[in-house]
Amino acid sequence: MEKVMGLASEKGVVIFSKSSCCLCYAVKILFREIGVDPLVHEIDQDPEGREMEMALTRLGCNDAPVPAVFIGGKLMGSTNEVMSLHLSGSLIPMLKPYQN
């Protein structure tokens with residue numbers, strides 16, 4: 001849990017991902033299209049990835065632990081939550097401070 005929270009606060013926008021996950025890819029592309037360069041942590045490339053995946057589940061990523069999106073150190077959720085925020089017009093104002 002400490003490693004997840006530490007990484008989540010390293011940059012304004014952090015995405016925990018798996019290199020083979022198509023939904024993770026879609027979320028990363030969305031943020032880049034919006035003009036945000038997130039810190040992406042591929043948990044399948046981390047020796048502590050399994051523990052990180054369990055920590056993300058405990059934090060509230062119940063359906064799938066990745067992609068897990070943090071904005072300003074706060075867990076926003078996975079693909080469904082991010083897309084809902086975007087479609088409602090709430091995502092871009094949240095990302096304004098982190099746009100390039």
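This section describes the fold, the nonpolar cores, the salt bridges and one surface patch of a predicted model.

Residues are numbered from 1 along each chain as its sequence is written, and side-chain values use heavy atoms, with hydrogens and water left out. Because the model is predicted, local features need pLDDT of at least 70 and side-chain atom pairs count only at pLDDT 80 or more, whereas totals for chains, interfaces and linings use all residues.

The chain contains five helices and four strands, where helices (H or I, at least four residues) and strands (E, at least two) are DSSP runs numbered from the N terminus. Along the sequence these elements follow the pattern α-β-α-β-α-β-β-α-α. The radius of gyration is 12 Å, close to the 13 Å given by the globule rule for 100 residues, so the chain is as compact as a globular protein of that length. This radius is taken over C-alpha atoms, and the globule rule is 2.2 Å times the number of residues to the power 0.38. The C-alpha trace spans about 35 × 25 × 20 Å along its principal axes. Of the contacts (heavy atoms within 4.5 Å) with a separation of 6 or more, 62% join residues 24 or more positions apart.

Of the 100 residues, 43% count as buried; buried means under 20% relative accessible area, exposed over 50%, and partly exposed in between (1.4 Å probe, protein chains only). A nonpolar core is a set of buried Ala, Val, Leu, Ile, Met, Phe, Trp, Tyr and Cys residues joined through side-chain atoms within 4.5 Å. The largest such core has 15 residues, and those with the most contacts inside it are Val4, Phe16, Met52, Leu56, Ala68 and Phe70. At least two residues of this core come from each of H1, strand S1 (13-17), helix H3 (49-59) and strand S3 (68-71). A second, separate core has 14 residues, including Val27, Leu30, Ile34 and Val82. Beyond its neighbours within four places in sequence, Met52 is in contact with Lys3, Val4, Leu7, Phe16, His41, Ile43 and Asp46.

Side chains of opposite charge can pair when their charged atoms come close. With a salt bridge defined as a side-chain nitrogen of Lys or Arg within 4 Å of a carboxyl oxygen of Asp or Glu, the count comes to six. In one of them, Glu48 pairs with Lys3, the closest N and O atoms being 3.6 Å apart. Glu48 lies in the loop between strand S2 (39-42) and H3, and Lys3 in helix H1, so this pair ties together parts that are 45 residues apart in sequence. Glu48 is partly exposed, at 40% relative accessible area, and Lys3 is also partly exposed, at 31%. Lys3, Asp46 and Glu48 are linked in a network of salt bridges.

A salt bridge also joins Lys18 and Glu53, with a closest N to O distance of 3.2 Å. Lys18 lies in the loop between S1 and H2 and Glu53 in helix H3, so parts 35 residues apart in sequence are tied together. Lys18 is partly exposed at 26% relative accessibility, whereas Glu53 is buried at 15%.

Met1 is placed in the segment before helix H1 (2-8) and is partly exposed, with a relative accessible area of 42%.
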